[in-house]
Amino acid sequence: MSRIRYYRFLPSCLVVFTFVLTLTGCQVESEPKNKLEQVRERGILRVSTLNNQLSYYIGSDGPTGLDYDLAKAFAEKLEVKLEITPAYTYSGLFPALNRNEVDIVAANMTITPERLMQFNPGPVYYYVSQQVVYKKGNWRPRNIQNLTELDENLTIVKDSSFEGTLIKLKEKHSDLDWKTEPDTDVSELLKKVANGEIHYTLADSVELSLTQRIHPDLAVAFELTEDQPVAWFLQKTEDDSLQALLIEFFGELKESGQLALLEEKYFGHVESFDYVDTRAFIRALESKLPKWEPLFKKYAGDFDWRFLAALSYQESHWNPLAKSPTGVRGMMMLTLPTAQSVGVKNRLSPEQSIRGGAEYLRRIVKRVPDSITEHEKIWFALASYNIGFGHMMDARRLTQRLGGDPDSWTDVKDNLPLLRQKRYYKYLRYGFARGDEAQNYVENIRRYYQSIIGYEQEQANKLIQEEITVDGLTVIDVPLSSAASTTSNAVSSQ
């Protein structure tokens, strides 16, 4: 009773006391959370990236790309979902970060002084150089002085790292001039150079190498810069909680070898370029592939059909009547024993050959040791398809003896040519093999595969550009999965 009477006599005190408690509680709740806590509380990591064949694109098995795979793995480390916001131009990336609509920009972008003034970089994960690009057959500038003498325009993407490079160069070369184009990207300008719409542009070394698989007439005039670091970017604040975890994440990837595996997956095959072969392949994409595409799709199974098509081109150039002096025949160039083992009665039948080749490759993949990362098994299987399973295993054993990693395609492919040398093969179980041919065989298929992806993407982008939303952005939610995408099966998506 006394307690009740007490509150009746002091109503104003109760109100004040309650208000103080409420205010104090609000203050505790309103204490700002750091960036990492915000992401975890939200349950979503928001990442903006470029829609291209290196950072992010929709493959046959869903989203893929180097920056996508890395972002997916980082989201899984945080135990949150991944929300991808793909942009079609550079101009759509950083505004979204400034508006706090995304947490990270992950789009294979170089670290420049201008960007460091506005944003915080993540760890460096590879390097590129800036290159002056022209079309074969046109006049080739060989140095900066030549650029100042151009009657034709040098055209670059507005607000790109290239613009900052040219502004700095203009301090010493006052006659240097160029045009900038907004609302575009490097791949579009490279295409314009290839089509003769503009004369010169700037591109980074990796993007040019990938684009040459679609437009082989593109060529490097000269290197404009030394190698430059590539990183992700975050908002520039004193809160480094998310950045600190990002540094830890990339450190773990590098230490475990997963970062090297991803780089090998997406651009380990771009070092060499055969102009004549690539031109012939692009012509075949337009004239021959449409006829055989339904069969590749029909028998691909777990493989990406484009991968099967690339293998067939390497074997026969999509000629169903192809024959060799050694007795292999057809679209997939099967030997008679191999054809019989997979139920192929007529090797010159395109359908039988494609079905049989796919089945034979599938059997080889199953034999590849499980110690090899899932997405690299296919490269070992292809080497086996070319020189035999025993010789492929010999190459792995030799790699281990020489101090390399027998489960790494990067290490093994470098040692494949040694199977030709007596001082090595005389100690191997299966002896001599044309390992250099197997090395080229696999890398050629990877390049053909990349060309098909790039060609299809270019065709699709013609339609996409007509449906771009505000700022060139759309949003794709990627659910949290139980396994990191860096270890996902790339036989179907690589």
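Predicted model: local features only at pLDDT ≥ 70, side-chain atom pairs only at ≥ 80, totals over all residues.

**Entry 1: salt bridges**

I started with the total, and the structure holds 24 salt bridges. One of them joins Lys 297 to Glu 293, with 2.8 Å between the closest N and O atoms. I placed both residues in helix H14, 4 residues apart, which is about one turn of the helix.

How exposed is Lys 297? I read 46% relative accessibility, so Lys 297 goes down as partly exposed. Lys 297 turned up again when I looked for charges over rings: its charged end sits over the ring of Trp 305, 5.3 Å from the ring centre.

Next I took Arg 397 and Asp 394, whose side chains meet in a salt bridge at 2.8 Å, N to O. They sit 3 residues apart in helix H19 (residues 389–401), so about one helical turn separates them. Arg 397 is partly exposed, with a relative accessible area of 25%, whereas Asp 394 has 1% relative accessibility and counts as buried. I then noted a network: Lys 35, Arg 42, Arg 46 and Asp 103 are joined by salt bridges that share partners.

**Entry 2: H4 and H11**

Which residue does Glu 252 bridge to? I found Lys 77 as a partner, with the closest N and O atoms 3.1 Å apart. The pair links distant parts of the chain, as Glu 252 is in helix H11 and Lys 77 in helix H4, 175 residues apart. I have Glu 252 as partly exposed at 39% relative accessibility, and Lys 77 as partly exposed at 27%.

Then I went to the rings, and the count of aromatic pairs came to 20. I found both Phe 74 and Phe 249 buried.

**Entry 3: H18 and what follows**

How many residues of H18 are buried? I counted 10 of its 11, so I wrote the helix down as mostly covered. The buried set includes Trp 379, Phe 380, Tyr 385 and Ile 387. Lys 377 is in that buried set as well. Just past the end of H18, Gly 388 takes a positive phi of about 105 degrees.

I followed Phe 380 to its ring partner. Phe 380 and Trp 409 form an edge-to-face pair, 5.5 Å centre to centre with 75 degrees between the planes. Phe 380 is in helix H18 (residues 377–387) and Trp 409 in helix H20 (residues 409–415), 29 residues apart. I checked both, and Phe 380 and Trp 409 are buried. I also logged Arg 367, which lies over the face of Phe 389 at 3.9 Å from the ring centre.

**Entry 4: H13**

I ran a length check on helix H13 (residues 275–287). At 1.5 Å a residue, its 13 residues should span 18 Å, and I got 19 Å between the end C-alpha atoms, which agrees. The buried residues of H13 are Thr 278, Phe 281, Ile 282, Ala 284 and Leu 285. Looking down the axis of H13, I saw these fall within an arc of 160 degrees, so they line one face of the helix. Which exposed residues does the face turned away from the buried side carry? I found Val 276 and Ser 287 there.

**Entry 5: Asp 304**

Last stop was the loop between helix H14 (289–299) and helix H15 (305–316), where Asp 304 has its place. Is Asp 304 buried or exposed? At 1% relative accessibility, I put Asp 304 down as buried. A polar atom of the Asp 304 side chain lies 2.9 Å from the backbone nitrogen of Arg 306.

Conventions: Residues numbered from 1 in each chain as written. Heavy atoms only, no water. Helix = DSSP H or I, 4+ residues; strand = E, 2+ residues; numbered from the N terminus. Buried < 20%, exposed > 50% of the residue type's maximum accessible area, 1.4 Å probe, protein only. Polar contact = N/O pair within 3.5 Å; in protein donor to acceptor, adjacent residues only side chain to side chain. Phe/Tyr/Trp six-rings, centres within 6.5 Å; stacked < 30°, edge-to-face > 60°. Lys NZ or Arg CZ within 6 Å of the ring centre and 35° of its normal. Expected span 1.5 Å × (residues − 1). Arc of directions from axis to C-beta. Salt bridge = Lys/Arg side-chain N within 4 Å of Asp/Glu carboxyl O.
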